[in-house]
Amino acid sequence: MKGFRVRTLVIIGAGFSGTACACQFLARCGDGWQVSLINASGPVARGLAYGTRSPLHLLNVPAGRLGMDPAQEGDFVRYLDETGHRYRASAFVPRMLYGEYLEQRLRQAADAHPGRLDIRTARVDAIERRLAGGFRLHLSGDATLDADAVILAMGHLSPVAPLPGVDALGAAYINDPWSGAVEHIGTDERVLILGSGLTMLDVVVDLARRGHRGPITALSRRGLLPRSHRAQDAPPATIPLDREALLQARSARALTRLVRAAVAQAERACVDWRDVIGSLRALTPALWQSLDEREKRRFVRHVRPHWEVLRHRTAPEPFNAMNALLQDGRLTVGAGRLRAAAADEGGVTVRWDDARRGPQAQQFDRVVNCTGPGHRIDAQRAPLLHRLLESGLMTQDPLKLGLMVDASCRATDARGRSVDGLYYVGPLLRAQFWEATAIPELRKHAAVAVDSLLAAGG
């Protein structure tokens, strides 16, 4: 047809968010769009979470709620049935199977729309607006790519070192537990894990699987350990909460008090506390947005560690494995503030202020940073996002938790205006919605961005 022009959508990042955006967009757009999915390195449709090959690294959400499209919540269970993996919808499935699911669904989307999905490995160094409309992407190797729309789907940033100078410890210090270095920890080595959350649990369970016998110490500011999901034989109950009272609280202290009261009331009625936390899930973005900057800071400083433990729970199997290690003394947990770490003849001497026992010093062979992904955008860990912030095309929130977007997941620029055609989907949406790391939220954010783009672009 004369005058017909194929438009191009570029999706940067090919983990869950990028794959979900690509599959949802191809399923809904017409023939007038071409999709380029760009990944800087590593396998497509895996990302940080699903690249693991350990069968003991389990999903933290039951399989029946993990379809990548919110309109097809049970799709992951259908995939498991199709491929001969017999899991119930209530099961907590190995994460590597979810990576295989994403990979197959992306391949099927490409086959269903021949010639319309281009997958390439490249690094995007910069993005600039074109005077004629749309964007120009500058890729590694001096290549460029023009796009009518861009969805930034980069996932978690690399962890931040907990102390200046720890890199001087060399191989004794592992900053990123997903880099593969944990596999080289010796059977009898003394291990200090910085952090006591879900990443610590993954590392400890994997060490035990590989026959590690040495002592393991987990150290965090409060010493809080992951909590477990209950067996999902019955669907969770929905607890009626006083929505208006929660939204009118407008302070971290008042919200905490109301949630504690709801949990106490539920327990008196023999209702599991997990159902109260689960019932807050849909309301959490509005609650986060009801707080001013001062109250958000208070929440992050004082409430966040407790909220993360209650909200982001682990599957029962790794929880039980962790408890077994605690009971036989191979795993100990400390609460305190890390002060120093220095290499010496005996290994690495680490000093910290224990919350109960005062100053402590102990020697280890390895120190593993399991404090979790970073979120502060800088030139080293997120050069593309850093350049977009410097150019004013995107903005970071005052707490430096992530990126600011509008209700359609469009980026907002330095003047607070929505940037047409530029979207972000991923965990850095925590700045705007707080809930932005689990699949049920990420797939919804992907759908919002895709629907907005299609509505704007025809």
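Just after helix 11, G329 adopts a positive phi of about 85 degrees in this predicted model, for which local features need pLDDT of at least 70 and side-chain atom pairs count only at pLDDT 80 or more, while totals for chains, interfaces and linings use all residues. Residues are numbered from 1 along each chain as its sequence is written, and side-chain values use heavy atoms, with hydrogens and water left out. Helices (H or I, at least four residues) and strands (E, at least two) are DSSP runs numbered from the N terminus.

Helix 11 itself comprises twelve residues, 316-327, and reaches 16 Å from its first C-alpha to its last, close to the 16 Å expected at 1.5 Å a residue, the expected span being 1.5 Å times one less than the number of residues. Within helix 11, P316, P318, M322 and L325 are buried (under 20% relative accessible area, with exposed over 50% and partly exposed in between, for a 1.4 Å probe and protein chains only). The cover over these buried residues includes helix 5 (198-209) and strand 11 (331-344), contact being taken as heavy atoms within 4.5 Å.

Strand 2 (residues 33-39) is likewise mostly covered, six of its seven residues being buried. Strand 2 pairs in the parallel sense with strand 1 (residues 7-12) over six bridges, where pairing requires that DSSP finds at least two bridges between two strands, and S36 of strand 2 is the bridge partner of V10. Five bridges also join strand 2 to strand 3 (residues 117-121), again in parallel, with N39 standing opposite T121 of strand 3. Strand 1, helix 1 (residues 16-28) and strand 2 together form a right-handed β-α-β unit, a crossover being right-handed if, with the strands pointing away from the viewer, the path from the first strand over the helix to the second runs clockwise.
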